[in-house]
Amino acid sequence: MNYVIVGNSVAAVGAIRAIRALDQQGNITVISREKHNAYGRPLISYLLGGLINEKRMSYLPDEFYSRHRINLLLNSEVIGVDTDSRKVKLVGGDTIAYDRLLLATGGDPFVPPIEGIADKDRIFTFTTWDDAAKLKVISQDINHAVVIGGGLIGLKAAEGLNLLNKSVTVIELADRVLSSAFDRPAGKIVARKMKANGIDVITEDTVVRIEGEGTEITGVTLKSGDFIPCDTVIVAIGVRPAAGFLKESNIEIKRGIVVDNTMATSAKDVFAAGDVAEAADFFSEQKNPMPIWPDAYIQGDIAGTAMAGGAKTYAGGLAMNSIEFFKVSTISMGITNPADPSEFEIHSFQDIQNYQYRKIVLKNNLLVGAVLVGNVDRAGIFSGLIKEKIDMKLFKESLLLPDFGFVNLSREIRDTLFSPLGKSVNKDIPAMATGH
């Protein structure tokens, strides 16, 4: 059996482990357009800022690929898939045959057509190791950087530059940073931490033009008319599923590659997992791309199992975002900003001065969402309660306690969360799973 995996991040790792658990003899080829072994993408801001070195970027043992007998092709980009002949086509014209194929190509940064952006040199994205390395190379020449986008990616880029003592301004179109992943109080706490560390934050505005002479940047003009002087711009608006190379294939693509609950695509023996996949949501069962690190691993595990002839099913993705920002940890999961709050029971606690915040969202006594800022050590318990659909009627008041943990739950609930069949507490997810 020839297994081919396109992509080499966390979804690929989950698939490799699953395949080898069922098939010790099949050939596995992993193709990656990057030049690095699988690494912790949440670490790139610390690499940029000098808090860690390159040796600490990998989350796998050095012998992982050899131990699993992987034919690893780095710096190799797939530009097409022929599902009739069962081959993938590489840049340069080479092809590789497959019996089972996994597409785990992740996401590509979205760069909008801002006036002047195509003419300037020092414009960067910030999603890969190489992105951080490029910024590191020119960091001595950076005086003031503007980060377009106040989401997870933008804030980590800002933190990395701040660690290098660079002046940074973050421009966010919404009324707060982290608007898509966190609620307003959590966003305000993070913004307060940013400002305390010297990062300027401008909300409810956006960049409409990048100014400069020739290829040099002198600043950006905002929609409001304000001008922000800078010499470097980082575009961190978001990512899109990296599925453009499949345009001429017969694989169904909407916003991402559409998959069923085994991660199978519309093409026979072709699977997809991770940021590139459009899979079912845990609550609505509607299919959406979900660029969440632990979810990518789970999807890869399910895909790898199916590829090797086993059977696992995907229970649906639980929206989960996490960021540690200047030693303040945050995590959000599930439904945190319900469109109609009257249908939910919402409780919260906040201590803005000490960067502490906790919010829980319940519906019919079931926990459906949570936001934790400042104390996230037991976030896995919260996600377990959501995924296992535990009735919280007798325990919901304790959810806001700073030291909430298993001691607050009944023996029956603890047994459910710790059981071998539990969906969230025992997952074999890499240590870097809480960030993306």
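Trainee: What should I know before I start?
Mentor: It's a predicted model, where local features need pLDDT of at least 70, side-chain atom pairs count only at pLDDT 80 or more, and totals for chains, interfaces and linings use all residues. Residues are numbered from 1 along each chain as its sequence is written, and side-chain values use heavy atoms, leaving out hydrogens and water.

Trainee: OK, where's L155?
Mentor: In helix 5, residues 152-163. Helices (H or I, at least four residues) and strands (E, at least two) are DSSP runs, numbered from the N terminus.

Trainee: Is L155 buried or exposed?
Mentor: L155 counts as buried because its relative accessibility is 0%. Buried means under 20% relative accessible area, exposed over 50%, partly exposed in between, with a 1.4 Å probe and protein chains only.

Trainee: And what is L155 in contact with?
Mentor: Skipping neighbours within four places in sequence, the contacts (heavy atoms within 4.5 Å) include V177, M194 and F325.

Trainee: Switching to strands: how do strand 1 and strand 7 run?
Mentor: Parallel, with four bridges joining strand 1 (residues 2-6) to strand 7 (residues 100-103). Two strands pair if DSSP finds at least two bridges between them. Y3 stands opposite R100 in strand 7.

Trainee: Which residue stands opposite I210?
Mentor: V220, in strand 14. Strands 13 and 14 pair over four bridges.
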